[in-house]
Amino acid sequence: MNKIGAYEAKTHLSQLLDRVLRGESLTITRHGRPVARLVPVETDARERAERAARRIRNRRRRFGRTPLSELIASSHEGHRY
């Protein structure tokens, strides 16, 4: 992931958006510290879905024929709502 300073991002936003449309992800920094990410919308949603599916498949392997509802509940154990 490429890092871009906030001033450069402000100055070249349209070019940065073109890069993101081509699939590139960018991190915007302020004083060298990451503060935001520009990512393609489809890629971000797809990656999250793929990670979730991978976690469920891994739990399936570990727990065998456990019902899906129990697998989902196990993924939320220890989370505070």
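Residues are numbered from 1 along each chain as its sequence is written, and side-chain values use heavy atoms, with hydrogens and water left out. Because the model is predicted, local features need pLDDT of at least 70 and side-chain atom pairs count only at pLDDT 80 or more, while totals for chains, interfaces and linings use all residues.

The chain contains four helices and three strands; helices (H or I, at least four residues) and strands (E, at least two) are DSSP runs, numbered from the N terminus. Read from the N terminus, the order of elements is β-α-α-β-β-α-α. The radius of gyration of the chain is 19 Å, well over the 12 Å given by the globule rule for 81 residues, so the chain is more spread out than a compact globule. That radius is taken over C-alpha atoms, and the globule rule is 2.2 Å times the number of residues to the power 0.38. Along its principal axes, the C-alpha trace spans about 55 × 30 × 20 Å.

Of the 81 residues, 16% count as buried, where buried means under 20% relative accessible area, exposed over 50%, and partly exposed in between (1.4 Å probe, protein chains only). The chain exposes about 6,800 Å², and carbon and sulfur atoms supply 52% of this area; accessible areas come from the Shrake-Rupley method with a 1.4 Å probe, and for residues only the protein chains shown count as cover. Among contacts in the chain with a separation of 6 or more, 20% are between residues 24 or more positions apart, a contact being heavy atoms within 4.5 Å.

The three strands form an open sheet in the order β1-β2-β3, with mixed pairing; two strands pair if DSSP finds at least two bridges between them. β1 (2-5) and β3 (33-38) are the edge strands, each with a single partner, so one side of each has no neighbour in the sheet. β2 and β3 run antiparallel and are joined by five bridges.

The largest nonpolar core has seven residues: Ile-4, Ala-9, Leu-16, Val-20, Leu-26, Ile-28 and Leu-38. Such a core is a set of buried Ala, Val, Leu, Ile, Met, Phe, Trp, Tyr and Cys residues joined through side-chain atoms within 4.5 Å. The elements giving two or more residues to this core are α2 (13-21) and β2 (26-30). Leaving aside neighbours within four places in sequence, Ile-28 is in contact with Ile-4, Gly-5, Ala-6, Ala-9, Arg-33, Pro-34, Val-35, Ala-36 and Leu-38.

Thr-27 also belongs to strand β2. With a relative accessible area of 10%, Thr-27 is buried. Thr-27 and Arg-57 are 30 residues apart in sequence, and their C-alpha atoms are 31 Å apart in space.

Arg-30 is another residue of β2, and it stands opposite Arg-33 in β3. At 53% relative accessibility, Arg-30 counts as exposed. The C-alpha atoms of Arg-30 and Tyr-7 are separated by 8.3 Å, although the two residues are 23 apart along the chain.

His-31 lies in the loop between β2 and β3. Its relative accessible area is 80%, so His-31 is exposed. The phi of His-31 is near 55°, a positive value in a residue other than glycine. Most residues other than glycine have a negative phi.
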